[in-house]
Amino acid sequence: MQPSILAEWRVLFAFVVFISIFAALRFDLRIRRADLPLFAVFGVVGLAGVSLIYYEAIKRIPVGVALVIEYTGPVLLLIYARLRGRAVGRRLWVAAALAVLGCFFAAGAYDARLRELNALGLALAAMDAFIFALYFALGERLGKTYGTPTLLVWGFGFALVGWSVVHPPWLLPWAETSTDGYVQIAAVVVIATVIPFALTLAAVRLIPAARVGLAATFEPVVAAVAAWIALGEHLDPLQIAGGVVVLIGIGIAQSLRPTAGSV
């Protein structure tokens with residue numbers, strides 16, 4: 001299955017899951033009309049765009065390199081916060097640097113075989129980092145007014161609209177997908193979409209987006225460990241060391257208590 005098709009399945013079924021659960025529980029999902037443009041950008045650009053552009057990037061450059069570039073997004077969040085006049089402590093800059101450096105090694109981007117890059121792939125990965133940062137920043141902003149259920153339903157709703165423009169849902173391989181295929185899609189939707197996105201958007205309502213973004217740099221470490229356990233892939237000592245460095249960076253970031261005027 002093509003990654004872009006799987007990404008659209010994820011958005012479609014995640015939206016169905018969220019709207020079904022929160023409607024059944026009678027959550028108030030209403031939003032102000034003035035906030036529709038923000039939700040549209042949050043869903044179409046943030047939720048749908050980050051996946052689509054990432055998949056376009058990894059068609060042209062290695063996954064490890066694309067991941068490292070994407071996870072410079074938290075650094076962009078720190079720069080954005082600083083430009084808005086919020087205090088960013090030195091230790092938080094150090095934490096961000098450690099997280100990105102650790103991600104570089106954990107993702108195996110140091111491998112000499114990954115040096116064959118192309119400009120378009122690098123540009124797409126850089127754009128993905130910007131969108132990654134935008135997604136967290138908008139999530140933090142909207143989370144000050146709306147609850148997590150509202151963010152999830154409207155975010156994934158607009159993301160589905162965005163995907164429908166690129167590739168309408170009725171053109172998905174409904175009949176061609178086997179029962180086993182649907183089981184695997186369900187696992188991806190629940191484990192890799194519904195749970196992590198719900199936790200992420202709940203987190204940005206509690207702590208600054210930059211810190212949530214830094215915590216997200218642990219994803220390549222989890223992916224490497226999962227590949228080692230499930231697929232028998234080999235972990236180099238540098239990858240293990242990179243994972244430790246990412247953990248140190250996240251630990252430093254989360255150990256700092258934010259104030260009203262800081263990140």
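Tutor: Start with residue classes for this predicted model. Ala, Val, Leu, Ile, Met, Phe, Trp, Tyr, Cys and Pro count as nonpolar, Asp, Glu, Lys and Arg as charged, and the others, Gly among them, as polar.

Student: How does the lining of the second largest pocket divide into those classes?

Tutor: The lining has 13 nonpolar residues and 5 charged ones. No polar residue is found in this lining.

Student: How much space lies in that second largest pocket, and which residues are closest to its centre?

Tutor: The space is about 440 Å³. Of the 18 lining residues, Leu77, Tyr80, Arg84, Ala133 and Ala137 are closest to the centre. Take two of them. Leu77 is nonpolar because Leu is on the nonpolar list. Arg84 is charged because Arg is on the charged list.

Student: Which elements give two or more residues to this lining?

Tutor: Helix H4 (73-83), helix H6 (119-143) and helix H9 (209-216) do. H6 gives the largest share, 7 residues.

Student: Where else does H6 give the largest share?

Tutor: In the largest nonpolar core, which has 74 residues. H6 supplies 10 residues of this core. Phe18, Leu92, Phe136 and Phe156 have the most contacts inside the core.

Student: What is leucine 92 in contact with, leaving aside neighbours within four places in sequence?

Tutor: Leu78, Leu214, Ala253, Leu256 and Val263. Contact here requires heavy atoms within 4.5 Å.

Student: Why is valine 50 called buried?

Tutor: The cut-off for buried is under 20% relative accessible area. Valine 50 has 13%, so valine 50 is buried. This residue lies in helix H2.

Student: Which residues does valine 50 contact, leaving aside neighbours within four places in sequence?

Tutor: Val45, Glu70, Asp128, Ile131 and Phe132. Then there is tyrosine 135, 85 residues from valine 50 along the chain. The C-alpha atoms of valine 50 and tyrosine 135 are separated by 8.3 Å.

Student: What makes the pair of aspartate 35 and arginine 32 a salt bridge?

Tutor: The limit is 4 Å between a side-chain nitrogen of Lys or Arg and a carboxyl oxygen of Asp or Glu. The closest N and O atoms of aspartate 35 and arginine 32 are 3.1 Å apart. The pair qualifies as a salt bridge. The structure holds 5 salt bridges.

Student: Is aspartate 35 buried or exposed, and how do you know?

Tutor: Aspartate 35 has 9% relative accessibility, so aspartate 35 counts as buried.

Student: What makes Glu56, Lys59 and Arg60 one network?

Tutor: Shared partners. Glutamate 56 bridges lysine 59, with the closest N and O atoms 3.1 Å apart. Glutamate 56 also bridges arginine 60, with those atoms 3.2 Å apart. Salt bridges that share partners join Glu56, Lys59 and Arg60.

Student: How exposed are lysine 59, glutamate 56 and arginine 60?

Tutor: Exposed means over 50%, and partly exposed lies between that and the 20% cut-off for buried. Lysine 59 has 60% relative accessibility, so lysine 59 counts as exposed. Glutamate 56 has 24%, so glutamate 56 is partly exposed. Arginine 60 has 31%, so arginine 60 is partly exposed too.

Student: What stands out about the phi of arginine 26?

Tutor: Most residues other than glycine have a negative phi. Arginine 26 has a positive phi, near 60°. Its place is in the loop between helix H1 (3-24) and helix H2 (36-58).

Student: Why is arginine 26 called exposed?

Tutor: The relative accessible area of arginine 26 is 77%. The cut-off is over 50%. Therefore arginine 26 is exposed.

Definitions and conventions. Residues numbered from 1 in each chain as written. Predicted model: local features only at pLDDT ≥ 70, side-chain atom pairs only at ≥ 80, totals over all residues. Heavy atoms only, no water. 1 Å grid on protein atoms, 1.4 Å probe; cavity = no way out; pocket = protein on both sides within 12 Å on 5 of 7 lines; lining within 4 Å. Points joined across faces, edges and corners; volume = space filled by probe spheres on them. Helix = DSSP H or I, 4+ residues; strand = E, 2+ residues; numbered from the N terminus. Buried < 20%, exposed > 50% of the residue type's maximum accessible area, 1.4 Å probe, protein only. Core = buried A, V, L, I, M, F, W, Y, C linked by side-chain atoms within 4.5 Å.
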